[in-house]
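Dear colleague,

I am passing on the structure we talked about, with the sequence alongside. Please have it open while you read the notes that follow.

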Amino acid sequence: MAMELMKMPQLGESVTEGTISKWLVKPGDHVTKYDPLAEVMTDKVNAEVPSSFTGIIKELKADENQTLAVGEVICSIEVETVKTDNDNVGQAVSHSVEKVDAPVTRNVQQAAEPSRKARYSPAVLKLSQEHGIDLTKVKGTGNEGRITRKDLLKLVESGNLPKADEPSAMPDSAPEVLAPEVLAPQVDRQTSPVTNVTTAAGDKEIPVTGIRKAIASNMLKSKHEIPHAWTMVEVDASNMVKLRDNLKSDFKQKEGYNLTYFAFFVKAVAQALTEFPELNSMWAGEKIIQKKEINISIAVATEDALFVPVIKNADEKSIKGIAREIQELASKVKAGKLKAEDMQGGTFTVNNTGSFGSVQSMGIINYPQAAILQVETIVKRPVVINDMIAVRDMVNLCLSLDHRVLDGLVCGRFLARVKEIIEKISKENTSIY
């Protein structure tokens with residue numbers, strides 16, 4: 001028999017941690033390779049984590065609703081072994097993953113070896129910094145005295161937070177973060193300063209979920225690292241509205257899903273990106289990566305979270321094909337069936353803010369992309385055409401851009417091209433199929 005460790009996988013680009021929402025196994029259960037072990041929630045996807053081995057679950061290293069960094073151990077599995085013809089020693093039937101007899105000493109040794117420096121997971125360190133908790137005064141309930149995120153949450157709920165100026169019952173030692181090799185390569189995570197908010201009678205405290213924390217971390221990283229600039233154009237969408245309204249009933253009856261205005265905008269953006277590939281780029285430190293594939297990320301909101309699935313190779317799809325993918329991805333999000341691969345590979349984001357009635361907004365760029373386009377609501381407005389006032393269906397397109405990668409000139413031309421495509425839509429020169 002050999003012991004193997006299952007770790008928190010990276011379930012999407014820029015994902016740095018995941019929350020175990022539900023365990024699907026318990027210690028003593030027999031699992032085969034690819035059997036689901038747990039349901040994990042991140043800011044981008046809800047997914048099941050499959051087993052990499054066949055064997056017996058020995059220990060669950062995390063509680064439900066506990067958030068772990070990518071690369072942290074979630075459970076241990078006693079792997080079944082086989083014997084070879086020339087060796088009586090059992091060998092694990094598995095792929096290469098860190099062994100238990102390898103540096104398992106990365107686990108915190110506070111209780112067993114108090115003289116050594118304490119080691120804390122990134123999630124524990126982050127939570128302690130947010131609430132000003134002195135970790136040297138906290139008694140852990142985890143393996144060998146390790147301080148868990150659950151320990152700190154209990155302290156926060158009780159209001160009895162050990163501070164640095166209180167008498168210490170433990171040796172004075174500097175904390176040490178788990179060795180870098182424990183974690184998969186990740187971008188640096190930002191931490192928010194502790195905010196003291198005065199509460200009054202009747203105020204309602206709402207716990208911040210793992211997915212909301214992940215969203216906040218990603219948005220904070222985008223705003224801290226990307227110098228945002230913003231521009232907008234006004235588009236006459238009257239012809240597009242007329243065409244779509246004339247087709248929508250027959251289309252729904254024939255295809256079984258809706259032909260939305262948004263599909264027309266996504267198609268126009270994908271076409272413009274083929275002509276202005278600079279906007280389909282990413283900042284990479286010493287270089288700018290211009291992506292070959294045009295994969296459009298779209299924002300889909302639930303009651304308490306925002307997901308960003310991806311329409312792959314959008315430039316190669318018809319308006320009908322894009323409408324179908326929008327429908328399928330939105331259905332997956334609402335049913336909680338979105339997979340990690342549905343979230344990966346996005347190169348440019350189009351956000352349908354108009355669905356909420358917004359007429360003007362400035363989006364935060366979806367890191368590490370270089371731009372995001374907000375499609376606002378279509379409203380009837382009086383406009384001047386040939387020195388005469390007419391009522392037209394108008395829409396604002398608002399572009400946020402990474403000023404390290406893009407300048408106003410190319411972005412202005414890109415928006416002008418999207419505007420031209422939308423305004424030229426008609427029954428005569430636009431094919432839905």
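**Strands and sheet**

Strand 6 (residues 55–60) and strand 8 (residues 73–79) run antiparallel and are joined by five bridges. Please keep in mind, here and below, that this is a predicted model. Within this pairing, isoleucine 56 stands opposite glutamate 78 of strand 8. Both strands belong to an open sheet of four strands, which has the order 1-8-6-3 and antiparallel pairing. Strand 1 (2–7) and strand 3 (30–31) stand at the edges of this sheet, and because each has a single partner strand, one side of each is left without a neighbour in the sheet.

**Salt bridges**

Side chains of opposite charge can pair when their charged atoms come close. The count for this model comes to 16 salt bridges, and I describe a few of them here. One of them brings together the side chains of lysine 61 and glutamate 59, at 2.9 Å from N to O. Lysine 61 is partly exposed, with a relative accessible area of 29%, and glutamate 59, at 32%, also counts as partly exposed.

Another lies in helix 8 (residues 408–423), where arginine 417 and glutamate 420 are three residues apart and therefore separated by about one helical turn; their closest N and O atoms are 2.8 Å apart in a salt bridge. Glutamate 420 also forms a salt bridge with lysine 424, for which the closest N and O atoms are 3.1 Å apart. As for accessibility, glutamate 420 is partly exposed, with a relative accessible area of 31%, whereas lysine 424 is exposed, at 51%. Through shared partners, salt bridges join Glu275, Arg417, Glu420 and Lys424 into one network.

**Aromatic rings**

A search of the whole structure finds three aromatic pairs. In one of them, the rings of phenylalanine 251 and tyrosine 257 have their centres 5.4 Å apart and their planes at 85 degrees, and because planes over 60 degrees apart count as edge-to-face, this pair is edge-to-face. Phenylalanine 251 and tyrosine 257 are both buried, and ring pairs link Phe251 and Tyr257 with Tyr433 into a cluster. A further contact of an aromatic ring involves a charged side chain, in that arginine 244 lies over the face of tyrosine 261, at 4.3 Å from the ring centre.

Key. Residues are numbered from 1 along each chain as its sequence is written. This is a predicted model: local features need pLDDT of at least 70, side-chain atom pairs count only at pLDDT 80 or more; totals for chains, interfaces and linings use all residues. Side-chain values use heavy atoms; hydrogens and water are left out. Rings of Phe, Tyr and Trp (its six-membered ring) pair if their centres lie within 6.5 Å; planes under 30 degrees apart count as stacked, over 60 as edge-to-face and the rest as tilted. Buried means under 20% relative accessible area, exposed over 50%, partly exposed in between (1.4 Å probe, protein chains only). A charge sits over a ring if NZ of Lys or CZ of Arg is within 6 Å of the ring centre and within 35 degrees of the ring normal. Two strands pair if DSSP finds at least two bridges between them. Helices (H or I, at least four residues) and strands (E, at least two) are DSSP runs, numbered from the N terminus. A salt bridge is a side-chain nitrogen of Lys or Arg within 4 Å of a carboxyl oxygen of Asp or Glu.
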